[in-house]
Amino acid sequence: MDKYNMIFKKLDEIGFKITPRELKNINSLGIFTVQELLYYFPRAYDDRTNIKKIGELKGEEYVVLKVQFLTVTNPFTPSRMKMTKARATDGTGIIDIIWFRMPYLVKTLKIGEDYIIIGNVKRGYNFQIINPEYKRLENQKEMKSGEILPIYSTKKNFSQNNLRKILKKAIIDYCVYFEENIPKDILDKYKILERKKALEVIHFPTNKKLLEEAKRRFAIEELLILELGILENKYRSGNLKTRKYSINGEKELVKKYLKNLNFKLTSAQKKVITEIYKELNEGYFINRLVQGDVGSGKTIVSIILLLYIIENGYQGVIMAPTEILAVQHFLSVKDDFKKIGIEVELLTGSIKGKKREGILENIKDGKISLVIGTHALIEENVQFDKLGLIVIDEQHRFGVVQRKKLRDKGILSNLLVMSATPIPRSLALSIYGDLDVSVIDELPPGRQPIKTKWINNDMDLEKAYSFIERKITQGRQVYFVVPLIEDSDKISAKSVEEYKIEIGNRFKNFSIGILHGKMKNDEKYKVMQEFKNKNIDILLSTTVIEVGIDVPNATIITIINSERFGLSSLHQLRGRVGRGKFKSYCFLISKTENDSSKSRMRIMEETNDGFKIAEEDLKIRKSGEIFGVKQSGLSDLKFIDITQDIKTIKQVKEICENYLESTKGRIENPYLKKDIEEKFL
Ligand code: ADP
Ligand code: MG
């Protein structure tokens with residue numbers, strides 16, 4: 001183990017022979033230890049074994065070309081963005097190359113010399129590459145065939161060649177310390193490349209096949225360390241299928257509640273409820289994600305389960321991500337709960353003073369059976385008499401770390417996380433690591449698909465507005481979503497007011513209410529209530545309405561500058577309508593010229609299916625931007641693209657479960673254990 005500890009030591013402490021200047025350069029890349037150095041993998045490879053000819057290019061592809069420039073210019077562009085345009089050839093065809101914000105290239109690129117160009121080719125009138133890497137070939141010897149050179153991310157004044165030399169030396173000196181951290185039988189079973197070999201290959205590959213194997217190895221290793229860390233925790237906290245207590249009974253409360261309901265549960269809702277009943281009956285802890293598209297009816301599922309545990313003498317909690325949503329949940333259950341004699345209270349940050357103290361006391365005494373509130377509910381010192389079930393609604397951002405916090409506070413009992421953010425199942429399993437997943441894969445009957453139209457010109461906009469007028473006259477209500485970012489300080493009441501004036505001028509005969517995050521809670525509450533009671537025709541809002549809001553009579557949502565929203569947000573926003581018996585519409589107003597924005601608008605027009613949208617979203621976004629991924633620890637992953645490599649994710653999941661099963665939750669390999677400790681430090 002002493003030897004293994006070497007790799008976590010600082011380079012200067014162990015006397016790695018490089019100049020002080022080189023050391024400083026290395027440090028500037030965020031590399032301090034031997035481990036960090038050897039795990040500083042190339043960003044790309046200069047694969048000279050496979051130089052393409054322009055004449056052989058087909059569609060879009062990532063290529064290495066060897067070309068000479070014919071022209072290099074900085075043409076005038078109306079926007080302030082500086083652009084350099086080059087035309088190049090390799091004798092078999094012509095390619096146009098564009099660089100942005102690098103005007104100096106006009107001087108440095110030499111006409112008639114050999115260059116290597118690496119980048120993504122697109123097909124236009126000519127073939128085109130935007131912002132490729134380029135490298136001048138100083139002499140033909142550099143053109144040795146059969147060589148795959150690593151390309152590292154580096155800084156100015158710290159050359160690729162210098163970094164390559166340092167890494168070569170580091171591998172010779174230290175590779176031997178990198179003991180295998182994946183158990184041997186797993187290596188064999190899944191045909192995973194051995195660690196030392198993989199380290200050599202990933203930096204200095206001799207052929208592409210081996211390089212792919214090395215990449216796969218590190219993807220698996222990295223994910224394995226993360227997931228084992230998560231799952232090991234779960235084993236240790238005894239939360240895995242441990243019998244603790246059992247909940248049983250006639251479900252009288254549930255029956256009474258369902259009687260007052262004016263609809264029947266869908267079979268998907270029933271399936272999920274039954275699944276969880278069974279676990280409760282058997283006395284297992286619930287630790288579950290309930291996933292269902294917007295409008296699939298997740299709330300009622302949680303309410304029924306809450307009633308069941310309340311009947312058994314426990315208390316329950318619903319946590320919502322926003323006060324507005326918490327208030328809405330409270331209003332929607334208050335009366336029905338009263339009818340069956342259950343005490344329910346709202347507790348948010350804005351309820352203060354005597355009233356708060358009173359509520360807190362009643363929670364502690366167990367007089368209140370259900371508490372509805374925001375996150376603050378669980379972070380502040382709220383004490384329960386007998387807490388049986390925590391429901392977290394629409395909290396896609398609720399990751400591994402937060403759950404660990406709850407557990408550490410000792411207040412984690414049964415947990416249901418409800419989310420509409422449709423993450424493909426395999427990905428959800430990983431993001432939510434230790435959560436079981438149930439899916440409500442059916443909408444209540446009679447829902448008509450929401451008709452979505454992208455509006456990109458004034459004439460169509462006017463048509464849409466007339467349409468909206470007619471619908472309001474028929475008694476429907478409308479949301480207008482304005483593109484102001486809630487979190488930022490930039491949003492002011494004024495900017496929302498400005499939109500109100502603009503829209504008010506067009507819709508003179510109707511009443512308009514506004515809603516945004518900076519309003520006081522009772523103001524928000526009042527506006528929501530007025531909208532529900534149909535005293536407001538048009539609700540002008542920021543994205544605070546994105547999650548959960550449920551007003552079935554609102555049938556049109558108009559999203560202004562819709563290009564500013566991602567697909568997930570657009571889908572969530574659209575989910576505010578189509579909740580009742582009336583046909584619903586979504587207008588996306590955007591004059592965007594941007595290709596990826598346009599494709600988002602088209603996807604929205606084409607489908608209402610949240611899962612399909614999520615898949616498309618994954619294709620156009622980077623993994624770090626997906627809901628839930630950031631907080632899960634998965635976005636730190638360097639060697640695996642979790643949006644693309646679903647197969648590896650599944651494999652690692654299987655590996656982890658089998659491994660922990662066989663070792664009863666202990667990490668036996670000392671090197672693996674050490675790596676997990678380092679990661680979760
Ligand atoms: P979400 O899954 O987006 O949270 P909600 O729970 O808010 O959806 O439910 C959306 C709407 O559908 C609500 O008005 C709710 O009362 C209604 N609803 C839920 N389940 C059913 C059902 N089985 N039949 C008809 N309407 C239902
Ligand atoms: Mg909901």
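The lining of the second largest cavity in this predicted model is made up of four nonpolar, one polar and two charged residues. The residues concerned are E323, I324, V327, N521, K524, Y525 and M528, and the space that they line amounts to about 40 Å³. Two elements, helix 12 (323-339) and helix 19 (521-532), each give two or more residues to this lining, with helix 19 providing the largest share, four residues. Because domain 3 (252-440) and domain 4 (451-607) both give residues to the lining, the second largest cavity lies between these two domains. In total, four cavities of 30 Å³ or more were counted.

Strand 12, which spans residues 370-374, is mostly covered, with five of its five residues buried. In a regular strand, side chains alternate between the two faces of the sheet. In strand 12, L370, I372 and T374 point one way, whereas V371 and G373 point the other way, and all of these residues are buried.

Strand 12 has pairing partners in strand 10 and strand 11. With strand 10 (residues 315-320), strand 12 pairs in the parallel sense over five bridges, and in this pairing G316 stands opposite L370. Strand 11 (residues 344-347) also runs parallel to strand 12 and is joined to strand 12 by four bridges, with V344 having L370 as its bridge partner.

Terms used
Residues numbered from 1 in each chain as written. Chains lettered and ligands numbered in written order. Predicted model: local features only at pLDDT ≥ 70, side-chain atom pairs only at ≥ 80, totals over all residues. Heavy atoms only, no water. 1 Å grid on protein atoms, 1.4 Å probe; cavity = no way out; pocket = protein on both sides within 12 Å on 5 of 7 lines; lining within 4 Å. Points joined across faces, edges and corners; volume = space filled by probe spheres on them. Nonpolar A, V, L, I, M, F, W, Y, C, P; charged D, E, K, R; others polar. Domains from an automatic or database assignment. Buried < 20%, exposed > 50% of the residue type's maximum accessible area, 1.4 Å probe, protein only. Pairing = 2+ DSSP bridges.
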